[in-house]
Amino acid sequence: MAEIEFPAQARVVIVGGGVMGVGLAYHLAHEGWGSEVVLLEKAELTSGSTWHAAGQITHSTSSFGLGKCVDYNIGLYSGKLEEETGQAVTWHGCGSFRLAYTEDEMDWLRHTLSVGRSLGFNIELTGPEKVAELHPFYNLEGVLGALHTPDDGHVDPTNVTMAMAAGARQLGARIIRRCRATNITQGPDGEWIVETEKGTIRCEHVVNAGGTYARQMGEWSGLQLPMTSMTHHYFVTEPVPEFEALDKELPVIRDDKKVSGYIRMEQKRGLIGIYEKKASNSVWHDHCPWEYENWLFDADYDRVMPWLEESLNRMPIFADLGIQREVHGAISHPPDGNPLIGPAPGVKNYWCCCGTQIGIGWGPGLTRELARWMVHGAADISMREYDPRRFGSYATKDWQVTKAHEDYKLRHEIPFPHFNRLEGRPVKPSPLYERLKEKGAVYEEVYGHERPRWFARNGVEQRDHYSFKRNVVHDVVGAEVKAVREGVGIMDISAFTKVAVSGPGAAALLDRLTANRLPQKIGGIALTHMLNRRGRIELETTAVKLAEDSYYLVCAAFFEQRLLDHLKQNLAGEAVEVTTLSTDWAALALNGPKARDVLAACTDADLTNAGFKWLTAQQIEVAGHTLWALRMSYAGELGWELHIPRASTLPVYDALWAAGEAHGIADYGSFAMNTMRMEKGFKGAGELTNEVTLAEADVLRFASTGKEYLGKDKTLNADALPWVCAYLEIEPDGVTDGHGGEAVLLEGTVVGSTASVAYGHTAGKILAFAYVKPHANVPGTEIEVVVAGTPRKGRILGAPAYDPESLLPRTDAALAPAE
């Protein structure tokens, strides 16, 4: 291969030549940037983690977005890539089974089947007899069923990467091997400076695709990119005599319970991969050995022996064979198991393409989305789960290691709905953490904050209760909803992102970035959306005008860094100060028909409609503490949000609780809050994503036509919408309600999938938002939703299931019902 002249300038420099970096080069080239891309690899392509990957890929995923990626990848591997490049890929389309031994595992497979149906996958739930028919050598003792995905397979990791490299080169990308990057810094003009052993390149965009070196590379630029290198084993046996006579390859077996991993053929040998659930191993916490190429560790049989022994029990034909090859290599694990794909926090045009534990299975689809994001301004799937900005400064190195060990051991556990990862917590407890914990709060973590999910009462154990079906938490949440709807409830909502934007240019900046008209009067509140240049939704925020040149923005916790970056990177010379108040201030929600009575007992402020209008804010005193009260309600009831300096939170809460005891006040958590917002038809983060415009999300009523704002031209182009957000009810069966991603059918044809699903305790029905083809979104239309693998009757709704005219939040004191 001819030596490539070392360039001094490029539009994009990708550092790292594994499947992720090469995949991004390939997809950037396909998006039109080919000749402007340079990829640097310190050794040979794939010589990091890629070359030792086992190379499996499956349609068995409950993630709707990831499902789109793996389906694309399988199509790429099974024909498209080789046809395009002429480079052999070595695709083994043997199919696969995921086994279930318990009813919980069967429920997982049923839900995965529902998601797969929405994506059009070739997927079926079978009994053990089907497994025995296609894989006669597996010991199926105790197996209840299996998910069969016949289009799955495995591929040679090196061949795939080399083929994508060939495709990238064909479109003009330059790949420079044996060129180690040594530093990445940003110049005063915003350009990135990549120093290497062969020279320095300046570029507009730099991409960290460093694999197990990515965290250290981030430190060059002052970035904290949370991931830890965990080591994983797979073993290749001696030739298996029983395989010699086979005329086709056996399907891959994923046995999460017994093997905690996978078993498949490797030519005429057996391959066993294990994710041990105890004594997991991490390496290179403080540095990465740059000199390593194609590095493997010695096998640690003590760690994996219980699962290795069970794998031989499950595949008895392996029992008398020796191990011919031991593969024990390092793989990156972020704290939550999801890759880091997208912008690095706090800087412009530094992109992460790293932290991917399943590079062959996930990589090409995710790098295609990253390429679209870089070139066009937004990806075509929701990137919330992968956005590197989902972590904050709380993700210290020690915490990263703790969470990576947790993630590794969960790799082959059931991904229950609302699964709560408990290691390394609490990180950012609110001022009410201990008080509410004593009262039974079961917490979840959001952007490091601890937020109550629900409260254990009446003998229910104070812990997470996991199931794909309803469990004891269902009735607990129902009681919390009832308390709010009929009396008064209080919730710690301190986890919200809270940002102040002030200065002479504050109004001009926000006006350019928000689709809705900003509040004009001091104390005014507006619900609005910020868009990207593609017209897609970056985030939803509540904007409060605190003073002539001061605004207060409140949004979901995980949007904090995204909001800060969006503000900073879209400045156009305005004099603006941005202050993050998320931990300095706490917040409480007080909701219900008795909310005014409770708050009035603790303040002298006039809380009537005349004195405190709906969707306005005032600075008032509550129990002697000054705070900002916002008259608004995510529960759809009479209510206020109280935003409070941290030190005042506990005494304010105690005063409200004391005043509310006569009215039956109750604590409630995020599960009840979600149920109530679904009953009110309020869209949330599951619906408002980077995949959709305001028109597609059906929130154009929050956009002003009389002003200019970023993304306006794209979001108002409402011609031929591919989908639209529908509100629907689903017939309950008293057992399973659904969890999102389920197929929506109209006359037997898939027309969309659910985004959010919850049982409405007040409405007495399952409620959902779903993205469907526009012709299906007609109120009254009878549809079906595939819940737990089975079609269930449903109906498109034209109005909220609860208080459709929204009269309750606006209730005045004079109109309140008599005692």
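Mentor: Before we begin, a term: a helix here is a DSSP run of H or I with at least four residues, numbered from the N terminus. Note also that this is a predicted model.

Trainee: Which helix gives the most to the lining of the second largest pocket?

Mentor: Helix 14 does, with 4 residues. Helix 14 spans residues 560-569, and strand 12 (199-208), strand 20 (350-354) and helix 9 (359-376) are also among the elements that each supply at least two residues of the lining of this pocket. The second largest pocket holds about 550 Å³ of space. Its lining comprises 23 residues, and Lys 348, Asn 349, Trp 351, Arg 533 and Gln 569 lie nearest the centre.

Trainee: How many residues of each class does the lining of the second largest pocket have?

Mentor: The lining has 8 nonpolar, 7 polar and 8 charged residues.

Trainee: Which strands each supply at least two residues of the lining of the largest cavity?

Mentor: They are strand 29 (585-591) and strand 32 (639-645). The largest share, 3 residues, comes from strand 29.

Trainee: Which residues touch the most other members of the largest nonpolar core?

Mentor: In soluble globular proteins, nonpolar side chains tend to be buried together. In the present model, the largest nonpolar core has 62 residues, and Ile 14, Leu 24, Leu 28 and Met 374 touch the most other members. A second, separate core of 40 residues includes Ala 214, Val 283, Ala 330 and Cys 354.

Trainee: With which residues is Ile 14 in contact, leaving aside its neighbours within four places in sequence?

Mentor: Its contacts include Gly 21, Leu 24, Ala 25 and Leu 28, and also Val 207 and Ala 209. Val 37, Val 38, Leu 39 and Leu 40 are in contact with Ile 14 as well.

Trainee: What span should helix 3 have?

Mentor: The expected span is 1.5 Å times one less than the number of residues. Helix 3 has 16 residues (103-118) and should therefore span 22 Å; its end C-alpha atoms are 23 Å apart, which agrees. Helix 3 is also mostly covered, with 12 of its 16 residues buried. Among the buried residues are Glu 105, Asp 107, Trp 108 and His 111. Gly 120, which follows helix 3, has a positive phi near 75°.

Trainee: Where are the backbone exceptions among the other residues?

Mentor: Most residues other than glycine have a negative phi, and most peptide bonds are trans. Thr 90, although not a glycine, has a positive phi of about 65°. Thr 90 is placed in the loop between helix 2 (64-85) and strand 4 (91-92), and counts as partly exposed because its relative accessibility is 33%. Ala 788 has a positive phi of about 50°; it lies in the loop between strand 38 (782-787) and strand 39 (790-796). With a relative accessible area of 24%, Ala 788 is partly exposed.

Trainee: Which residues does a cis peptide bond join?

Mentor: A cis peptide bond joins Arg 425 and Pro 426, with omega about 0°. Pro 426 lies in the loop between helix 10 (397-410) and helix 11 (433-438).

Terms used
Residues are numbered from 1 along each chain as its sequence is written. This is a predicted model: local features need pLDDT of at least 70, side-chain atom pairs count only at pLDDT 80 or more; totals for chains, interfaces and linings use all residues. Side-chain values use heavy atoms; hydrogens and water are left out. A nonpolar core is a set of buried Ala, Val, Leu, Ile, Met, Phe, Trp, Tyr and Cys residues joined through side-chain atoms within 4.5 Å. Buried means under 20% relative accessible area, exposed over 50%, partly exposed in between (1.4 Å probe, protein chains only). Contact means heavy atoms within 4.5 Å. On a 1 Å grid over the protein atoms alone, a cavity is a set of points where a 1.4 Å probe fits but cannot get out, and a pocket is an open set with protein on both sides within 12 Å along at least five of seven lines; lining residues have an atom within 4 Å of a point. Grid points are joined across faces, edges and corners, and a volume is the space filled by probe spheres set on the points. Ala, Val, Leu, Ile, Met, Phe, Trp, Tyr, Cys and Pro count as nonpolar, Asp, Glu, Lys and Arg as charged, and the others, Gly among them, as polar.
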